[in-house]
Amino acid sequence: ADKVYEVWVNALLSWPKTHIVNVAGNTLTNLMRLPQRGVQATIDIGRAATTGKPREVFFGEMAADSFGMLQGLTEGARLGLRAWKTEMPQQAISKLEFGGGGAIGGKLGRAVRMPGRALMAMDEFFKAIAQTGETYAQAYRQAAKEGTRSMALPGKIADLVAKPTPIMVEKGASEALYRTFQAPLGAGGQALF
């Protein structure tokens, strides 16, 4: 039964449209982060002015996020190739669960799982881009909150990216799952299923 299921799932994923939609969806959700950050920063200016509390979101996060996403391309390619070869995602969460092999062994099994492996590899690629971009944006946010001046800002961001805080790591991992449609459902979604 497991072998039949494995063939069936991968047959469903073998249509090129599936992979095109996956790549387009992951690309667009990553790119939408930039205008979302701009809107958040605009709203935060009003919130800070109204409440008298310090700013929480900054326009510079858009540039930091963009730079981080570009930096994540290399790591994404590495993780994508690793997932393709090992049939295992970097994180324990994936759209597919092969468990490092699958029901059908050997070269035949790897051939059968090609559509699923391709999907997993692309998701790993996009997760790395999202996570790296978020790490840079969070580093910018932290540096800005600390009042780091513009000349010292690149160095402070580099230091924070090299040694991210636990919150930065958590937000990066969370963003990676969210942007690749792998985040757990919220309370409302879980109630439906």
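**Exercise 1. How many aromatic pairs does the count come to?**

Solution. The model is predicted, so local features need pLDDT of at least 70 and side-chain atom pairs count only at pLDDT 80 or more, while totals for chains, interfaces and linings use all residues. Residues are numbered from 1 along each chain as its sequence is written, and side-chain values use heavy atoms, with hydrogens and water left out.

Step 1. Apply the rule: rings of Phe, Tyr and Trp (its six-membered ring) pair if their centres lie within 6.5 Å; planes under 30 degrees apart are stacked, over 60 edge-to-face, and the rest tilted. The count is three aromatic pairs.

Step 2. One of them is Tyr-5 with Trp-8, a tilted pair with 5.9 Å between centres and 45° between planes. Both residues lie in helix H1 (residues 2-13), three residues apart, about one turn of the helix. Helices here are DSSP runs (H or I, at least four residues), numbered from the N terminus.

Step 3. Phe-125 and Phe-126 have ring centres 5.1 Å apart and planes at 80°, so this pair is edge-to-face.

**Exercise 2. Is Phe-126 buried or exposed?**

Solution. Step 1. Take the cut-offs: buried is under 20% relative accessible area, exposed over 50%, partly exposed in between (1.4 Å probe, protein chains only).

Step 2. Phe-126 has 6% relative accessibility and therefore counts as buried. Tyr-5, at 52%, counts as exposed, and Trp-8, at 49%, as partly exposed.

**Exercise 3. How many salt bridges does the structure hold?**

Solution. Step 1. A salt bridge is a side-chain nitrogen of Lys or Arg within 4 Å of a carboxyl oxygen of Asp or Glu. The structure holds 17.

Step 2. Arg-33 and Asp-65 form one of these, with the closest N and O atoms 2.3 Å apart. Arg-33 lies in helix H3 (residues 33-51) and Asp-65 in helix H4, so the pair ties together parts 32 residues apart in sequence. Both Arg-33 and Asp-65 are buried.

Step 3. Glu-87 forms a salt bridge with Arg-110, the closest N and O atoms being 3.2 Å apart. Glu-87 is in the loop between H4 and helix H5 (106-112), and Arg-110 is in helix H5, 23 residues away. Glu-87 is buried, at 2% relative accessible area, whereas Arg-110 is partly exposed, at 31%.

Step 4. Lys-156 and Glu-146 meet in a salt bridge of 3.0 Å, N to O. Lys-156 lies in helix H7 (residues 153-162) and Glu-146 in the loop between H6 and H7, so the pair ties together parts 10 residues apart in sequence.

Notes
Helices (H or I, at least four residues) and strands (E, at least two) are DSSP runs, numbered from the N terminus.
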